[in-house]
Amino acid sequence: MSRILVTGSSGRLGRSVVAVLGQRGHEVIEVDLTVPNAESAGAGTSAQQIAADLTDATQASAVLEQTKPDAVIHLAAIAVPFSAPEQHILRTNASLAYNVMQAAVDAGVRKIVTASSPTVFGYGAPEGWLPERLPLDEDVAPRPWNAYALSKLVAERTAQMFAAQCGDRVRLAAFRPCYVIAPEEWEGAPTQQGHTILERLDDPALSAPALFNYVDARDVGVFLDTLLAGIGDIPNAQTFMVGAADALARRPLAELLPQFIPGTESLAAGLTGTQPAFSIEKARRLLGWEPEHDWRSVLSEVSTHTLAGGA
Ligand SMILES: NC(=O)c1ccc[n+]([C@@H]2O[C@H](COP(=O)([O-])OP(=O)(O)OC[C@H]3O[C@@H](n4cnc5c(N)ncnc54)[C@H](O)[C@@H]3O)[C@@H](O)[C@H]2O)c1
């Protein structure tokens, strides 16, 4: 059992991460701009809830000094590209990553993990984008084309900077979660871009901008627990892709990708069956992590429940 501080704990991903870590016996400290009050649904899994603006370095330091957790998982961010002016997204996300990691290092925290994003690969660039290979893995060079993607690359590099500064005394890592699906979204709640899962499956044009990637938020929670358990046994400052084992698509990406990204015919030819455009082999190989949820099984469970409930 560890004391784990989670920033951005009230968010789409944070809520599931807090729940999973709590279920796995950890003492969780939630930090966000606003935190649920003790009476609200879902509260009670965490040991402590702290409201703070972590773009303020003084508040970030105070939170870490006051709590001194064993580990920090930094999720807080403006999480949607172009949802605010570009300068504001870059400034906010870069200062959040820097302040939280600096405060954690200063408070003697030994394990720090920060959220990045697959958008660092640069897909969707208005002037065109072709990957050097498919599936994309952590060794493919990042080519961010907007402030959000750049800010996530800054978060990865900030983790590497503190590893260079502190050596193996502090263990750091970054992870790139694919398009996060929270548990209620399987039941029909809108996903981050506003569409339901079924709408994204029925209209491939909706899922194509993210290259049909997705991950169940609970699988990210298990990934983070696994990463924190093993972080001392892997090289410092690693970055991991965290996605489902399949693509969020009804047809193979070898067919779909060339329709939406002309020029990918030969690159995508190997993405047959249900194979996704992002590789999670590194997380499998270094950590032994495997996602437990895939859209076909979860949606069939949901429809079975719905039918049983309606009978
Ligand atoms: N949702 C996805 O599909 C996805 C994909 C890739 C990466 N990510 C990354 O994962 C992380 C979590 O994403 P999410 O979908 O849960 O986002 P979200 O917007 O639902 O949650 C982010 C949380 O951060 C908090 N926050 C923002 N500014 C803050 C500040 N100044 N101080 C304290 N808290 C602050 C917000 O209040 C919010 O609760 C983010 O870093 C995001 O960039 C998300």
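The questions below ask how descriptions of this predicted model follow from its computed values.

Q: What makes Thr-158 buried?
A: Thr-158 has a relative accessible area of 7%. Buried means under 20%, so Thr-158 counts as buried. Thr-158 lies in helix 4, residues 147-166. Leaving aside residues up to four places away in sequence, Thr-158 touches Ala-97, Tyr-98 and Met-101.

Q: Why is helix 3 called roughly parallel to helix 4?
A: The axes of helix 3 (residues 86-106) and helix 4 cross at roughly 20° and come within 9 Å. Angles under 35 degrees count as roughly parallel, and therefore helix 3 is described as roughly parallel to helix 4. Helix 3 passes helix 4 in a right-handed crossing.

Q: Which residues of helix 3 and helix 4 meet?
A: On the helix 3 side they include Ala-97, Tyr-98 and Met-101. Thr-158 is among the residues of helix 4 in this contact, as are Ala-155, Ala-159 and Phe-162. By class, the contact of helix 3 with helix 4 has 16 nonpolar, 4 polar and 2 charged residues.

Q: What makes up the contact between helix 2 and helix 3?
A: Helix 2 contributes Ala-57, Ala-60, Ser-61, Leu-64 and Glu-65, and helix 3 contributes Asn-99, Ala-103, Ala-104 and Asp-106. The residues of this contact divide into 5 nonpolar, 2 polar and 2 charged.

Q: Why do strand 3 and strand 9 count as edge strands?
A: The open sheet has 7 strands in the order 3-2-1-4-5-6-9, and the pairing is parallel. Strand 3 (48-51) and strand 9 (238-242) each have a single partner strand, so one side of each is left without a neighbour in the sheet. Neighbouring strands of this sheet are turned by 20° against each other on average, direction ignored.

Q: How do you know that strand 6 and strand 9 pair?
A: Strand 6 (residues 171-177) is joined to strand 9 by 5 bridges, and the two run parallel. At least two bridges are needed for a pair, so these strands qualify. Within this pairing, Pro-177 stands opposite Val-242 in strand 9. Helix 4 packs on the sheet, where it touches strand 5 (111-115), strand 6 and strand 9, and its direction makes about 165° with that of strand 6.

Q: How do you know that strand 1 and strand 2 pair?
A: Strand 1 and strand 2 are linked over 5 bridges in the parallel sense. The requirement is at least two, so they count as paired. The bridge partner of Ile-4 is Val-28 in strand 2.

Q: Why is Lys-68 called partly exposed?
A: Lys-68 has a relative accessible area of 43%. Buried is under 20% and exposed over 50%, so Lys-68 falls in between. Lys-68 is found in the loop between helix 2 and strand 4. Its phi is near 40°, a positive value in a residue other than glycine.

Q: Why is Phe-82 partly exposed?
A: Phe-82 stands at 48% relative accessibility. Exposed would need over 50% and buried under 20%, so Phe-82 counts as partly exposed. Phe-82 is placed in the loop between strand 4 and helix 3, and has a positive phi of about 65° although it is not a glycine.

Q: What makes Ala-237 buried?
A: The relative accessibility of Ala-237 is 15%. The limit for buried is under 20%, so Ala-237 counts as buried. Ala-237 is found in the loop between helix 8 (217-230) and strand 9. Ala-237 touches Ala-159, Gln-160, Ala-163 and Leu-172, not counting residues up to four places away in sequence. The C-alpha atoms of Ala-237 and Ala-159 are separated by 6.2 Å, with the two residues 78 apart along the chain.

Definitions and conventions:
Residues are numbered from 1 along each chain as its sequence is written. This is a predicted model: local features need pLDDT of at least 70, side-chain atom pairs count only at pLDDT 80 or more; totals for chains, interfaces and linings use all residues. Side-chain values use heavy atoms; hydrogens and water are left out. Helices (H or I, at least four residues) and strands (E, at least two) are DSSP runs, numbered from the N terminus. Buried means under 20% relative accessible area, exposed over 50%, partly exposed in between (1.4 Å probe, protein chains only). Contact means heavy atoms within 4.5 Å. Axes are lines fitted to C-alpha atoms, for helices over the stretch in contact, and angles run from 0 to 180 degrees between N-to-C directions. Angles under 35 degrees count as roughly parallel, over 145 as roughly antiparallel, 65 to 115 as roughly perpendicular and the rest as oblique. A crossing is left-handed if the near helix is turned anticlockwise from the far one by less than a right angle, and right-handed if clockwise. Ala, Val, Leu, Ile, Met, Phe, Trp, Tyr, Cys and Pro count as nonpolar, Asp, Glu, Lys and Arg as charged, and the others, Gly among them, as polar.
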